[in-house]
Amino acid sequence: MSFLAQYSALLARVESAVDQALEQEVAEAVKDIMEEQLGHVVYSYEASAMAMASRRVDSGGLGDRQYMAARVEGEHELVVENVAPFQDGQSHGDALSDVVEKGLDGYRQPGPRPFVAGTQEEAVSSGRALNALMSGLTKQGL
């Protein structure tokens, strides 16, 4: 096998390992951070007794990990989206995460609570995403 063929095979293995680490270890780290951000930014304020009683948090709400969808796109780009449905299960033309993140008009809520932006910032600035990537690559022998 030529040097170029060996180099290409190595590069393909590294790229595959990066995608696998992103899908597994980094995605889990980002979900951990998202849960923390939801606790600090979204669920930390006192609402009315009725609103507090109807919060789903980690039982079908934004804090439920089953609704934190992760995928790798294009050139090793991890996308983690919160796809939790509205309480009534209906599609209202907006995603619940956008309503909470941006404070969209027409919804009864206390205004923007940017948990997605906080998740992105914390994942990068804390080094937790990089540490998870390195851990994932190490587990794969790289």
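This is a predicted model: local features need pLDDT of at least 70, side-chain atom pairs count only at pLDDT 80 or more; totals for chains, interfaces and linings use all residues.

1. Residues are numbered from 1 along each chain as its sequence is written, and side-chain values use heavy atoms, leaving out hydrogens and water.

2. The largest nonpolar core has 25 residues. Such a core is a set of buried Ala, Val, Leu, Ile, Met, Phe, Trp, Tyr and Cys residues joined through side-chain atoms within 4.5 Å; buried means under 20% relative accessible area, exposed over 50% (1.4 Å probe, protein chains only). Val-26, Leu-38, Leu-62, Phe-115 and Leu-133 have the most contacts inside it.

3. Two or more residues each come from α1 (3–42), α3 (96–102), α4 (115–125) and α5 (128–139), and α1 gives the most, with eleven. Helices are DSSP runs (H or I, at least four residues), numbered from the N terminus.

4. Leu-62 is worth a click: its contacts (heavy atoms within 4.5 Å) include Leu-38, Val-57, Met-68, Val-100 and Phe-115, setting aside residues up to four places away in sequence.

5. In α5, the buried residues are Ala-129, Ala-132, Leu-133, Gly-136 and Leu-137. Seen down the axis, they fall within an arc of 135 degrees, so they line one face of the helix; the arc is that of the directions from the helix axis to the C-beta atoms. Their cover includes α1 and α4.

6. The face of α5 turned away from its buried side carries the exposed Leu-130, Asn-131, Thr-138 and Lys-139. After α5 comes Gly-141, with a positive phi near 85 degrees.
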